[in-house]
Amino acid sequence: MTTFTSRDVSTAVVPAPREEIWAIVSDPTALAELTPMIESIEPAGDVWTWQLKGISALGVTVAPSFTERMHLDAPA
């Protein structure tokens, strides 16, 4: 099986308290509601399965999903 590893470190200034942001990014249901093209996120511990919304073309609908190991560091 082919695998890859990716890491993204980003910074931004967001006009909201850190606790409110953490509440969203650590909640799979809330995160799915705010993320375009995501139907749902099903957590199983630190492994989350992301179900994308269906895309239809030429009479075929494809609704891919992927699984990610989520490592989230709570704010200090």
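In this predicted model, the protein carries 4 positive and 10 negative charges. The accessible surface amounts to about 6500 Å². Carbon and sulfur atoms contribute 57% of that area.

The fold comprises two helices and five strands. Read from the N terminus, the order of elements is α-α-β-β-β-β-β. The radius of gyration is 15 Å, well over the 11 Å that the globule rule gives for 76 residues, so the protein is more spread out than a compact globule. The C-alpha trace spans about 50 × 30 × 25 Å along its principal axes. Of the 76 residues, 11% are buried. Among contacts with a separation of 6 or more, 12% join residues 24 or more positions apart.

Most residues other than glycine have a negative phi. Met37, however, has a positive phi, near 70 degrees. Met37 sits in the loop between helix H2 (28-34) and strand E1 (38-44). Its relative accessible area is 41%.

The relative accessibility of Leu58 is 88%. Leu58 counts as exposed because this value is over 50%.

Technical notes:
Residues are numbered from 1 along each chain as its sequence is written. This is a predicted model: local features need pLDDT of at least 70, side-chain atom pairs count only at pLDDT 80 or more; totals for chains, interfaces and linings use all residues. Side-chain values use heavy atoms; hydrogens and water are left out. Helices (H or I, at least four residues) and strands (E, at least two) are DSSP runs, numbered from the N terminus. The radius of gyration is taken over C-alpha atoms; the globule rule is 2.2 Å times the number of residues to the power 0.38. Buried means under 20% relative accessible area, exposed over 50%, partly exposed in between (1.4 Å probe, protein chains only). Contact means heavy atoms within 4.5 Å. Accessible areas come from the Shrake-Rupley method with a 1.4 Å probe; for residues, only the protein chains shown count as cover. Lys and Arg count as positive and Asp and Glu as negative; His and the chain ends are not counted. The place of a charge is taken as NZ of Lys, CZ of Arg, CG of Asp or CD of Glu.
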